[in-house]
Amino acid sequence: MTKAFASRGDMTEKKIAFTRISPHCWAYEAESDPTSGVIVGEDAVMVLDTRATPVAARDLIARVRKRTKAPLKYVVLTHYHAVRVMGASAYKAPYVVASQGTYDLIKERGRQDFASEVWRFPRLFQAVESVPGLTWPNLVFEGRLTLWLGKTEVQLMHLGAGHTKGDTVAWLPKERVLFAGDLVENGATPYAGDAHLGQWVQTLDRLKALEPRVLVPGRGPALTSPKACLAAIASTQGFVQTLLDTARRGVSAGQNLKQLFDSCRKVLEPDYGHWGIFEHCLPFDVSRAYDEASGIDHPRIWTKARDVEMWKALQG
Ligand SMILES: [Zn+2]
């Protein structure tokens, strides 16, 4: 049976929750849709990931405005994916912050990624015509950037490649809250179409070492105990490691992409098939794992044409 491409068949609106997770932090949760984070400091607000369009961002902004009059000063991009960055203009924030790796990817492939993601997730790109153009960071860092929202310290860190080359996490050392972006998922399948799988596993070890008390994942509800944080990091790591190991074995046995896809489904489905967007992610994940196991270090750019061709070959 042919499956509807990516998430084109998914038109059910998700339930939104805006949850206070620590004295200064909030999670904007949307079931298995992308999560955003909000940090309300004494004199400024930081938003992590913007929603997919300015119109989609309005609800988040309204919820922030109900709770504080402090100005929206920083929009932080955890990575370059369009579904997380294209709502940025709605915030009118003076600073749009990203890692150097994320800036480079926006420059290299932002346009193609936007077109491909709109095609993959039509429901999320509500009023897509309201997007004024690509989101360009104007505060770019390498390694670590510490910002103070009044007395509240926020460390933005690039701890290594993973879900993308430029993944950024936000860490509040005092409250031990970690905003992990798509490096960690909770009950949703990790998307690895643009990933560096081997490095992702190592980067997740660095997240474990922070010993977060609360963790906001890329998708799914926030984790609110140290044990639950570690479990979410470990289960994401388990998925990524299993995908990579299976790809390495398949490639050295001479499997083609379709054969590898079938092997990966067999290995991954029993443990992870119940996670959100599993059928959406699997073909992209296997395509990238096949490339990485074949020695292609820099993920190939997805375009609408490549999306369609791949889907026909694997899920058609
Ligand atoms: Zn992503």
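**Exercise 1. Locate arginine 300 and decide whether it is buried, partly exposed or exposed.**

Step 1. Arginine 300 lies in the loop between α7 (278-293) and α8 (304-314). Helices here are DSSP runs of H or I with at least four residues, strands are E runs of at least two, and both are numbered from the N terminus. The model is predicted: local features need pLDDT of at least 70, side-chain atom pairs count only at pLDDT 80 or more, and totals for chains, interfaces and linings use all residues. Residues are numbered from 1 along each chain as its sequence is written.

Step 2. Count the other C-beta atoms, placed from the backbone, within 10 Å: 20 or more means buried, 12 or fewer exposed, and anything in between partly exposed. Arginine 300 has 13, so it is partly exposed.

Step 3. For its position relative to serine 36, 264 residues apart along the chain, take the C-alpha atoms: they are separated by 27 Å.

**Exercise 2. Arginine 51 has a positive phi although it is not a glycine. Find where it sits and classify its burial.**

Step 1. The phi of arginine 51 is about 85 degrees.

Step 2. Arginine 51 is found in the loop between β4 (45-48) and α1 (54-67).

Step 3. Its C-beta neighbours inside 10 Å number 29, so arginine 51 counts as buried.

**Exercise 3. Describe how helix α4 packs against helix α5.**

Step 1. The axes of α4 (residues 197-210) and α5 (residues 226-252) come within 9 Å and cross at roughly 165 degrees. Therefore α4 is roughly antiparallel to α5, a term for angles over 145 degrees.

Step 2. Residues making the contact (C-beta atoms within 7 Å) include Trp200 and Leu204 of α4 and Ile233 and Leu243 of α5.

Step 3. By class, this contact has ten nonpolar, four polar and one charged residues. Nonpolar covers Ala, Val, Leu, Ile, Met, Phe, Trp, Tyr, Cys and Pro; charged covers Asp, Glu, Lys and Arg; the others, Gly among them, are polar.

**Exercise 4. List the residues that leucine 215 touches, leaving out those up to four places away in sequence.**

Solution. They are Leu178, Ala180, Val184, Ala222, Leu223, Cys229 and Ala232.

Definitions and conventions. Axes fitted to C-alpha atoms, helices over the stretch in contact; angles between N-to-C directions. Parallel < 35°, antiparallel > 145°, perpendicular 65-115°, else oblique. Contact = placed C-beta atoms within 7 Å.
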